[in-house]
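Keep the view open as you read and turn it as you go.

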Amino acid sequence: MSDAPDKPAGSLAGVARRIRDAVQPARKAAPDNRKHIDLALQGGGAHGAFTWGVLDALLEDGRLAFDAISGTSAGAMNAVALADGLTRGGPERAREQLHTFWRAISREGGPLGAADDVLDRLLGFWQMPTFSPFTFFRRFTGFVSPYAINPLNINPLKDVIEKLIDFEAVRACNQPRLFISATNVRNGKIRVFDSNDVTAEAIAASACLPYLFQAVEIDGEAYWDGGYMGNPALFPFFDGGGAQDILLVQINPVERSDVPRTATAIVERVSEITFNASLLRELRAIDFVNRMLAEKRLDPTRYRHNRLHRIDAGAALAHHTAGTKLDTSWRFFEELRDAGRTAAKDWLADHFDDIGVRATLDLRHEFM
C-alpha cells in the first residue's frame, strides 16, 4: 500500500491547482484511431448495473480507449472488473467479467455459505424480494450497529471480488489507471487508492455502508463508503496528464421534481444530495477554470481545459426510489443493464464526433 496521506476533498482552489499542474503536450492519435477518454463512475448500490450496461455498450462499440477510471462504491466494482477484463483478455473479456460479477452478486447467483446465511437471517436481503431493505436499515440500525448485528464482519461482496479479480494483474496494468475513493472515518478526508494500491480491501472500503458493515481497516486507518467525499473523485485525472475528455456515468439524480414528505422519502433524498455534493463541487471548479481560460484570464500553458460528457441514468431510474439501490434481483440488474446499453448507444450516436472537440455537458447550465 502507498503511504501517501489522505487527500483533502476537492476544494475550488485545490482542483484548480491540479488542473493547472496537469497540462501535458497534446496526445498523439492512437494507432487504431480510437478516441481517448477518462471514465468517472458513480456509486449507487444496485443502480450500478446501469453503469455495467453503459460499459458493455462502449466496449462493444470499440471506438474508445479508457486512459483512466475513477470509481466509487458500485462504480469502483465496475471499474476493477473492467480493468481486470481488459488486462487479461481485452474488451470481450471485460464484457464477460462485468457480466460474471453482476451475476455473482445477484440474489439468484449470490455467494453461498455462511455469508449468505447471515444476511438472510439478519436482513432478509436476498430471500424477501417484496421486503424493503432500505426501510429496514432506517428503522433497525437506529438501535443496533453493524458491530453488533454482524460481529464476524462478514462481507459477501468482498468474497466475490477476491474470487473474481486478479488484483496482481490489475496493479501491473498501466492503462487504464484506476482511482478508487474511500472516506477516512477518523478525519473525514477522501483517500484515493490508485492502481498500485488497489486490493479487495480497497474496493470493500469504497463500498462500505456504515450502517451495514464494520469500517474497513487498511494500514491502520478505518474507511467507509467513498461516496461521502468523492462520488466519484475527478481530481485524480488532473495529475500526470491523460485524456482531456471525461465521461461521467451518473446514477444519483441531481434533481427531483417532488418535495419528499414521508420519512422514507426524506431519508432517501438526503442520501442522494449527500452523495452528489462532492461531485458538484468538483464540476463547479472545472467550470471555473474552463471559463477563466476562455476569457484568457489564466495561462493556458499552466492550466488545461477539460471537456465533460455525461451518460445519465435519470430517465431509467425515474420510477425507482433510492430504496431500490438494495434490490439485488437478477431481473432488476438486467433491466438496468439494458437501460444503460441503450443510453450509451444513444450517447455515442449523438456525441462521438464531439469527443476531443467540445464538451457535451453544459456545467454552468446543469449545476450552477
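How many bridges join β3 to β4, and do they run parallel or antiparallel? Five bridges join these two strands, and they run antiparallel. Please bear in mind throughout that this is a predicted model.

Strand β3 covers residues 177–184. Seven of its eight residues are buried, so the strand is largely enclosed by the rest of the structure. Together with β4 it makes a hairpin that has five residues between the strands. In the turn you will find Gly-188, with a positive phi of about 75 degrees.

| Strand paired with β3 | Sense | Bridges |
|---|---|---|
| β4 | antiparallel | five bridges |

Ser-181 is found in strand β3. Is Ser-181 buried or exposed? Ser-181 is buried, with a relative accessible area of 0%. The residues that Ser-181 touches, leaving aside those up to four places away in sequence, include Ile-190, Arg-191 and Val-192. Gly-71, Thr-72 and Ser-206 are also among them, as are Gly-226, Gly-230 and Ala-233.

Ile-69 lies in strand β2, and at 0% relative accessibility it counts as buried. From Ile-69 to Ile-180 is 8.4 Å, C-alpha to C-alpha, although the two are 111 residues apart in sequence. Not counting residues up to four places away in sequence, Ile-69 touches several residues, among them Pro-176, Arg-177, Leu-178 and Phe-179. Its contacts also include Leu-39, Leu-41, Ala-79, Leu-82 and Phe-237.

**The nonpolar cores**

Which members of the largest nonpolar core touch the most other members? They are Leu-39, Leu-58, Leu-64 and Ile-203, in a core of 65 residues. Helix α3 (residues 74–104) gives the most to this core, with twelve residues. Apart from this core lies another, of 19 residues, among them Ala-40, Val-192, Phe-235 and Phe-237.

With residues up to four places away in sequence not counted, its contacts include Leu-55, Leu-58, Phe-66 and Ala-68. Ile-69, Ser-70, Leu-82, Phe-237 and Leu-247 are also among the residues that Leu-39 touches.

**Aromatic rings**

The count of aromatic pairs comes to seven. One of them, Phe-193 with Tyr-223, is edge-to-face, at 5.7 Å centre to centre and 70 degrees between the planes. The pair links distant parts of the chain, with Phe-193 in strand β4 (residues 190–194) and Tyr-223 in strand β6 (residues 221–225), 30 residues apart. Both Phe-193 and Tyr-223 are buried.

Tyr-228 and Phe-275 have ring centres 4.8 Å apart and planes at 45 degrees, so this pair is tilted. Tyr-228 lies in the loop between β6 and β7 and Phe-275 in helix α10 (residues 263–294), so the pair ties together parts that are 47 residues apart in sequence. Tyr-228 is partly exposed, with a relative accessible area of 25%, whereas Phe-275 is buried at 12%.

Elsewhere, ring pairs link Trp-52, Phe-101, Trp-102, Trp-330 and Phe-333 into a cluster. The charged end of Arg-103 sits over the ring of Trp-330, 4.9 Å from its centre. In another such arrangement, the charged end of Arg-63 sits over the ring of Phe-352, 3.9 Å from its centre.

**Cysteines**

How many disulfides does the structure hold? The structure holds zero disulfides. Cys-173 is buried, with a relative accessible area of 13%, and Cys-208 is buried too, at 1%.

Methods: Residues numbered from 1 in each chain as written. Predicted model: local features only at pLDDT ≥ 70, side-chain atom pairs only at ≥ 80, totals over all residues. Heavy atoms only, no water. Core = buried A, V, L, I, M, F, W, Y, C linked by side-chain atoms within 4.5 Å. Buried < 20%, exposed > 50% of the residue type's maximum accessible area, 1.4 Å probe, protein only. Helix = DSSP H or I, 4+ residues; strand = E, 2+ residues; numbered from the N terminus. Contact = heavy atoms within 4.5 Å. Phe/Tyr/Trp six-rings, centres within 6.5 Å; stacked < 30°, edge-to-face > 60°. Lys NZ or Arg CZ within 6 Å of the ring centre and 35° of its normal. Pairing = 2+ DSSP bridges. Disulfide = S-S within 2.5 Å.
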